[in-house]
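Dear colleague,

My notes on what was found in it follow.

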Amino acid sequence: MKKILSLKELSERNLGLAGGHRACAGCPFPSIVKMVLSSSDYPVVVANATGCMEVTTTIFPYTAWPVPWIHSAFENAAATIAGVETVYKSLKKRGLIKEKINFVAFAGDGGTYDIGLQALSGAIERGHNFLYVLYDNQAYMNTGIQRSSGTPFGAHTTTSPAGKVIPGKMQERKDITEIIAAHEIPYVAQASPSHFGDLIRKVRRAFEIEGPKFIAVISPCVPGWGYPENKSIEMAKLAVETCFWPLYEIEYGVYKINYKPKEKLPVKVFLERQERFKHLIQREDLINEIQKKVDEKWERLLSLDGKKIR
């Protein structure tokens, strides 16, 4: 295992995003990108699916990326990075490249849970050596805050509006981390920018492992979730402290919970801070239903902690 980087060491690395990008004030994805890329000890090549991250960092003729970067459509970031990795292996085999390079794909939940799932599943099945990072803001934020299959039950979006007929989205979100884990790849994890040490350690571990790796990082969205722009990291932390977004990893089939709250907060504490859930606060029946689901998933994780299931 490589050494844990200090904040000073990370700050001195010339990776991540340059200043001047046009992400919303308070958006955490620039911090996520910096933590991921600065965790690499080797050159990095990035494929980036269409989405908030892409449109705000590469408005022609400018770019905020100081590393080789490729724009992919919503649905094929994994296929793109798999192709680049294949070319790299070919060139290395012929002696035209000698240095080690890390390959990373970034995509939002629309490009991961939904229209990008086929390409991601295929690249994983073929065994390409890359890290796929999902920045999970739980809707199609870039195109107008439409619901995705990553949108939680009860959330208000422009295509699942809360009103007299329905109380927001009526379906549960997919558990994308478990879906990817079912592919039996070497490394899968969930992380949060609020627990940056955990996130950096997971990225560095993923770069050590040969084969496909996947890390889902919760990425609160100021306009999509509806909270003050200076509260993104606090929202991410509340997601962890309520176990709405548990921090865990699955390495070669072995589950490990990375953080267990000393006092697990009720999920209502997380929901009531967001405009997308404000219509639920007086609906104790729905709050209880959400809490029940969170508790069930947390208890399942606790029962798997330290066990190899594949």
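A polar contact here is a pair of N or O atoms within 3.5 Å; within protein, one must be able to donate a hydrogen and the other to accept it, and residues adjacent in sequence count only if both atoms are side-chain atoms. This is a predicted model, in which local features need pLDDT of at least 70 and side-chain atom pairs count only at pLDDT 80 or more, while totals for chains, interfaces and linings use all residues. Residues are numbered from 1 along each chain as its sequence is written, and side-chain values use heavy atoms, with hydrogens and water left out.

I begin with Ser194. The side chain of Ser194 makes a polar contact of 2.7 Å with that of Ser192 and another of 2.8 Å with that of His195. Ser194 is found in the loop between β5 (187-191) and α8 (196-208); helices (H or I, at least four residues) and strands (E, at least two) are DSSP runs, numbered from the N terminus. Is Ser194 buried or exposed? Its relative accessibility is 17%, so Ser194 counts as buried (buried means under 20% relative accessible area, exposed over 50%, partly exposed in between, with a 1.4 Å probe and protein chains only). Leaving aside residues up to four places away in sequence, Ser194 touches Ile233, Ala236, Lys237 and Val240, where contact means heavy atoms within 4.5 Å.

Regarding the cysteines, the structure holds 0 disulfides, a disulfide being a pair of cysteine sulfur atoms within 2.5 Å. For Cys24, the nearest cysteine sulfur is that of Cys27, 6.3 Å away. Cys24 is partly exposed, at 48% relative accessibility. Cys221 is buried, with a relative accessible area of 10%. The closest cysteine sulfur to that of Cys221 belongs to Cys52 and is 6.1 Å away, too far for a bond.

A cavity is a set of points, on a 1 Å grid over the protein atoms alone, where a 1.4 Å probe fits but cannot get out; lining residues have an atom within 4 Å of a point. The search of the whole structure finds 3 cavities of 30 Å³ or more, a volume being the space filled by probe spheres set on the points, which are joined across faces, edges and corners.

Yours sincerely

Definitions and conventions:
1 Å grid on protein atoms, 1.4 Å probe; cavity = no way out; pocket = protein on both sides within 12 Å on 5 of 7 lines; lining within 4 Å.
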